[in-house]
Amino acid sequence: MEVKKILLTEDEMPRQWYNIAADMPTPLQPPLHPGTGQPIGPEDLAPIFPMNLIEQEVSTERWIDIPEPVLEVLSIWRPAPLVRAYALEKALDTPAKIYYKNESYSPPGSHKPNTAVAQAYFNKIAGTKRITTETGAGQWGSALSFAGAMFGIEIVVWMVKISYQQKPYRRLMMNTWGATCYASPSTQTEAGRKILEKDPDTPGSLGIAISEAVEAAVSDENSKYALGSVLNHVMTHQTIIGLEAQKQFEKVGDYPDIVIGCAGGGSNFAGLSFPFARDKIFGKDIKIIAVEPTSCPTMTRGPFAYDFGDTVQMTPLLPMHTLGHDFIPAPIHAGGLRYHGMAPMVSQLILDGIIEPRAVHQLETFEAGVTFARTEGIIAAPETNHAIAAVIQEAKKAKEEGKEKVILFNMSGHGLVDMAAYDAYFSGKLHDYELPEEEIERALRAIEPLPKPKVAAK
Amino acid sequence: MTNEKELDKQVLRCPRLGGEVPFSYCRTLQDGMPCDRIIICWELVFDIGAYLQEHYKPAEIQKFLHPKPKDKMTTLLDIIEQAKRNAKKAKKPPE
């Protein structure tokens, strides 16, 4: 029998995280304080984050030690296997070799506890008694709840009310791990009470949930707040995925030509790709693809805008279709905190030509997910299906070109709590959407006066 | 739109929440006004453009489709300041 899973022992787990800030061709600009215009200092973030995590956020050290207690908890499911997708290769009749890092092995079923565990630990040693956070449908909330249980730290989650009511399973996961989960808006905070006074039946929003979680952290000296995506230290914690994969490839004498991850907030993508991006920065020939939906093409439509990122002080401008010829086409900005916006590190690496963005249609992603489930047996999360769709595209291309490409992707999570999305796909309720060409042209004319991005040639 | 109640019940997956939401959620997300992504998400399901023109003034549409963008850190700092004010208010004895 051929080797399917490439495994590492606990002793072989990476002992340090990789911080790509040390090697980025263009260093990240420090964010500026809106009041003073000066770079944000640790004291500005101290009300919500412990100092040890703030230090990581601004660190440019290449390697950051993973504390032993963090490794012990991670060892519940790590090192995660690197799996050769023989059945998928066969089904696609491709000469490409397809490997995936299976992050669905974690107790909450995704990559998110890689940073949740680290954040819970650093809070614990900083003296934090309680961590607050917000969650949409519960993926991040359940990961942090698991991490809190491992370190005996109280977790309080504000879950957007509409999800709280519609998606009981992740809420129950949080409760099982001992966390308190409130439907947001709640009566627990001034922010929540104010909203409820105005509209008791509001379904809530991520913005309100964030306000409640931050207020709860700021109001109590023993509490801090945690974020599961976008921030630099979150990306760094996730690099254990790619660092393990590099060791696993070494074991079998292979190395990927193409590295693929889906990119929402960017953390699972960063986690797999940053160690390989380092190799690319230092001369390796690797294609690194960040996959997003065509319906929200932040990265792929980016060339029309003057940037993709947040903290580099340039906002994402997205050409959009209009309500008629008399309606001025204008860029869309994702409002609020943009937790589903792209991590500044990922954005900058796109601009530097290290990472290549790609958009795929919704129906193609589910088709890919179903193919994966019927070959490799795993039902992937809808987000992960974006990566699988790009893998299939690349595998087919390898077949056309007759090249034995080595493809690696991040199986960032299972979809067992997301079966409603599969149900919508099977019952024909999902649609593809892409900006029509004429609308793009019209929108392009509208943003002509805006400065153009400096995008490296791909 | 002929059947608004039916429309309100239609469901899509919200890329921000990571779960399914009915249209009624999308059209009330920003303080009772629609989400800025409402067109992108609902375009192929029905004529969302006509719906918006029927229900909102052009100035309102401009406002909710183009919320003033702030970078993540700025927004976070704003929320911290707001939270500090709320916490101070909550500590005051009730009148």
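# A tour of chain A

Select A:Pro79, which lies in the loop between α3 and β4 of chain A. (Helices are DSSP runs of H or I with at least four residues, strands are runs of E with at least two, and numbering goes from the N terminus.) The bond between A:Arg78 and A:Pro79 is a cis peptide bond, with omega about -5°.

This is a predicted model, in which local features need pLDDT of at least 70 and side-chain atom pairs count only at pLDDT 80 or more, while totals for chains, interfaces and linings use all residues. Residues are numbered from 1 along each chain as its sequence is written, and chains are lettered from A and ligands numbered from 1 in the order in which they are written.

Go to A:Pro185, in the loop between β8 and α9 (190-198) of chain A. The peptide bond that leads there from A:Ser184 is cis, with omega near 10°.

Next, select A:Asp93. This residue is not a glycine, yet has a positive phi of about 50°. A:Asp93 sits in the loop between α4 (86-92) and β5 of chain A. Why stop at such places? Most residues other than glycine have a negative phi, and most peptide bonds are trans.

**Two domains**

Colour chain A by domain. Domain 1 covers 1-112 + 230-458, and domain 2 covers 113-227. These bounds come from an automatic or database domain assignment. At the contact, domain 1 of chain A contributes 31 residues and domain 2 of chain A 30 residues. (Two residues are in contact if their C-beta atoms, placed from the backbone, lie within 7 Å.)

Show the side of domain 1 of chain A that touches domain 2 of chain A. Helices α2 (51-58), α3 (68-74), α11 (232-238), α12 (240-252) and α13 (267-281) of chain A each supply at least two residues to this side. Which helix gives the most to this side? It is α3(A), with 4 residues. By class, this side of domain 1 has 21 nonpolar, 9 polar and 1 charged residues. (Ala, Val, Leu, Ile, Met, Phe, Trp, Tyr, Cys and Pro count as nonpolar, Asp, Glu, Lys and Arg as charged, and the others, Gly among them, as polar.)

**The seven-strand sheet**

Select β1, β4, β5, β13, β10, β11 and β12 of chain A. In that order these 7 strands form an open sheet with mixed pairing. (Strands pair if DSSP finds at least two bridges between them.) β1 (5-6) and β12 (356-360) of chain A each have a single partner strand, so one side of each is left without a neighbour in the sheet.

Zoom in on β1(A). Its pairing with β4 (residues 82-84) of chain A is antiparallel, over 2 bridges. Here A:Ile6 stands opposite A:Leu82 in β4(A). (Axes are lines fitted to C-alpha atoms, for helices over the stretch in contact, and angles run from 0 to 180 degrees between N-to-C directions.)

**The four-strand sheet**

Select β8, β7, β6 and β9 of chain A. These 4 strands form an open sheet in that order, with parallel pairing. At the edges are β8 (180-184) and β9 (223-225) of chain A, each pairing on one side only. Neighbouring strands of this sheet are turned by 25° against each other on average, direction ignored. Between β6 (residues 130-135) of chain A and β9(A) there are 3 bridges. A:Ile131 stands opposite A:Lys224 in β9(A).

**Helix pairs**

Show α5 (residues 113-125) and α6 (residues 139-151) of chain A. They pack at an angle of about 45°, with axes 8 Å apart. That makes α5(A) oblique to α6(A). (Angles under 35 degrees count as roughly parallel, over 145 as roughly antiparallel, 65 to 115 as roughly perpendicular and the rest as oblique.) The contact of α5(A) with α6(A) has 11 nonpolar, 2 polar and 1 charged residues. Among the residues that meet are A:Tyr121 in α5(A) and A:Phe146 in α6(A).

A:Gln139, A:Gly141, A:Ser142 and A:Ser145 in α6(A) meet A:Arg170, A:Met173 and A:Met174 in α8(A). By class, this contact has 2 nonpolar, 4 polar and 1 charged residues.

Finish at α9(A) and α10 (residues 206-218) of chain A. Their axes come within 8 Å and cross at roughly 145°. The residues that meet include A:Ile195 in α9(A) and A:Ile208 in α10(A). This contact divides into 3 nonpolar, 2 polar and 3 charged residues.
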